2 protein chains.
Amino acid sequence: MEKTTTSKLLHRGRNFSFKTDEVQFPNGKTTTRDIVDHPGAVAIVPILEDGRILLVKQYRYSTGKELLEIPAGTLEKGEAPDTCARRELREETGYTAGSMKKVLAMYMAPGYSNEVIHLYFATGLKAGESKTEEDEDITIEAYGPDELLEMMEKNTIEDAKTIAGVLSFLTRG
Amino acid sequence: MEKTTTSKLLHRGRNFSFKTDEVQFPNGKTTTRDIVDHPGAVAIVPILEDGRILLVKQYRYSTGKELLEIPAGTLEKGEAPDTCARRELREETGYTAGSMKKVLAMYMAPGYSNEVIHLYFATGLKAGESKTEEDEDITIEAYGPDELLEMMEKNTIEDAKTIAGVLSFLTRG
């Protein structure tokens, strides 16, 4: 286990920061840890009455292409994950959930980011009007379990939280 | 879809860089994208003859605790993912693989990182001596499918690539 000797803020962004830390191991050796300091996020598996799951398709700047993902978003300052999950589902898909159940928390890139995603299963969905942010251009799609398994086999779903979230739902039944 | 207007390198690290870009939307509006520019990585689901899967337990500085993960590591400059997968499996576990099959590629945090993890299933494993880097203090554990499902239900496995990787293996059979 390593101890922080110095921590330097490199950049404070809208949702998270970049920092670089010097750390020391028990044997006295040192190294650098470059870290994304992230407030955490939520992701939601929205399950329709007919068993299909809602996915959102959006352009992702970092990847240079559109990805098909479960709805997700970053925690706002002081916001509880449950509140954030209901807000993000409504904003991105327009749906509200009768039940929003937290199933797990997962680190997305523990080698360099402290981001934890709180994963929810949303049921009892009621359609409404979506209200995306100006930099979000989102389309909504719905797929059944067999389609989703095939899309993961073919790797047309390429987003890790979506693979982890959908397979968690399908294997927990 | 947004276009880059300026791109600024904030920090060049050992394995990846931090940058901040100004981008413009088709409607003329602009925003900032803070990005981890990452060369990509591999993760391996190592499957023993008896059906158990090897996991590695290691302290993760960003999370402040030990995580149980499938073996993984960053691509070295010019290194092919297949070569990296064999190297990382050997270095972290000591095992060499008779078969190393690529099954998918996944983005870990597309909101702010271009990191893609190439996921492999390794079979025909032969034990050997591990050779971890000086900043890696790793212990190896092995679990059967039922244990893994239970550990994911209980969220004692908290790493996204591990949840996605292990469930991909268990659902593809």
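Is the crossing of helix 3 of chain A and helix 3 of chain B left-handed or right-handed?

Author: The crossing of helix 3 of chain A and helix 3 of chain B is left-handed. A crossing gets that name if the near helix is turned anticlockwise from the far one by less than a right angle; clockwise makes it right-handed. This is a predicted model: local features need pLDDT of at least 70, side-chain atom pairs count only at pLDDT 80 or more, and totals for chains, interfaces and linings use all residues. Residues are numbered from 1 along each chain as its sequence is written, while chains are lettered from A and ligands numbered from 1 in the order in which they are written.

Start with the two helices. Each covers residues 160-172 of its chain. Helices (DSSP runs of H or I, at least four residues) and strands (runs of E, at least two) are numbered from the N terminus. The two helix axes come within 8 Å and cross at roughly 50 degrees. Axes are lines fitted to C-alpha atoms, for helices over the stretch in contact, and angles run from 0 to 180 degrees between N-to-C directions. The two helices are therefore oblique to each other. Oblique is what remains once angles under 35 degrees (roughly parallel), over 145 (roughly antiparallel) and 65 to 115 (roughly perpendicular) are set aside.

Now the residues that meet. Helix 3 of chain A brings Ala160(A), Lys161(A), Ile163(A), Ala164(A), Leu167(A), Ser168(A), Leu170(A) and Thr171(A). Facing them in helix 3 of chain B are Ala160(B), Lys161(B), Ile163(B), Ala164(B), Leu167(B), Ser168(B), Leu170(B) and Thr171(B). By class, this helix contact has ten nonpolar, four polar and two charged residues. Ala, Val, Leu, Ile, Met, Phe, Trp, Tyr, Cys and Pro count as nonpolar, Asp, Glu, Lys and Arg as charged, and the others, Gly among them, as polar. Residues are in contact if their C-beta atoms, placed from the backbone, lie within 7 Å.

What lies behind the helix in its own chain? Chain A has three helices and ten strands. From the N terminus on, the elements of chain A run β-β-β-β-β-β-β-α-β-β-β-α-α. Helix 3 of chain A lies across strand 4 (41-46), strand 7, strand 8 and strand 9 of chain A, at about 45 degrees to strand 4 of chain A. An open sheet of four strands in chain A has the order 7-4-9-8, with mixed pairing. Strand 7 (72-74) and strand 8 (96-107) of chain A are its edges, each pairing on one side only. On average, neighbouring strands of this sheet are turned by 25 degrees against each other, direction ignored. Strands pair if DSSP finds at least two bridges between them. Strand 8 and strand 9 (residues 116-126) of chain A share ten bridges in the antiparallel sense. One pair there joins Lys102(A) to Tyr120(A) in strand 9 of chain A.

Another sheet can be followed through strand 5 (residues 53-60) of chain A. Six bridges join strand 5 of chain A to strand 10 (residues 138-143) of chain A, and the two run antiparallel. In strand 10 of chain A, Ile140(A) is the bridge partner of Val56(A). Strand 5 of chain A also pairs with strand 6 (residues 65-69) of chain A, antiparallel, over five bridges. Those two strands form a hairpin with four residues between them, and Gly64(A) in the turn has a positive phi of about 75 degrees.

Conventions:
Two residues are in contact if their C-beta atoms, placed from the backbone, lie within 7 Å.
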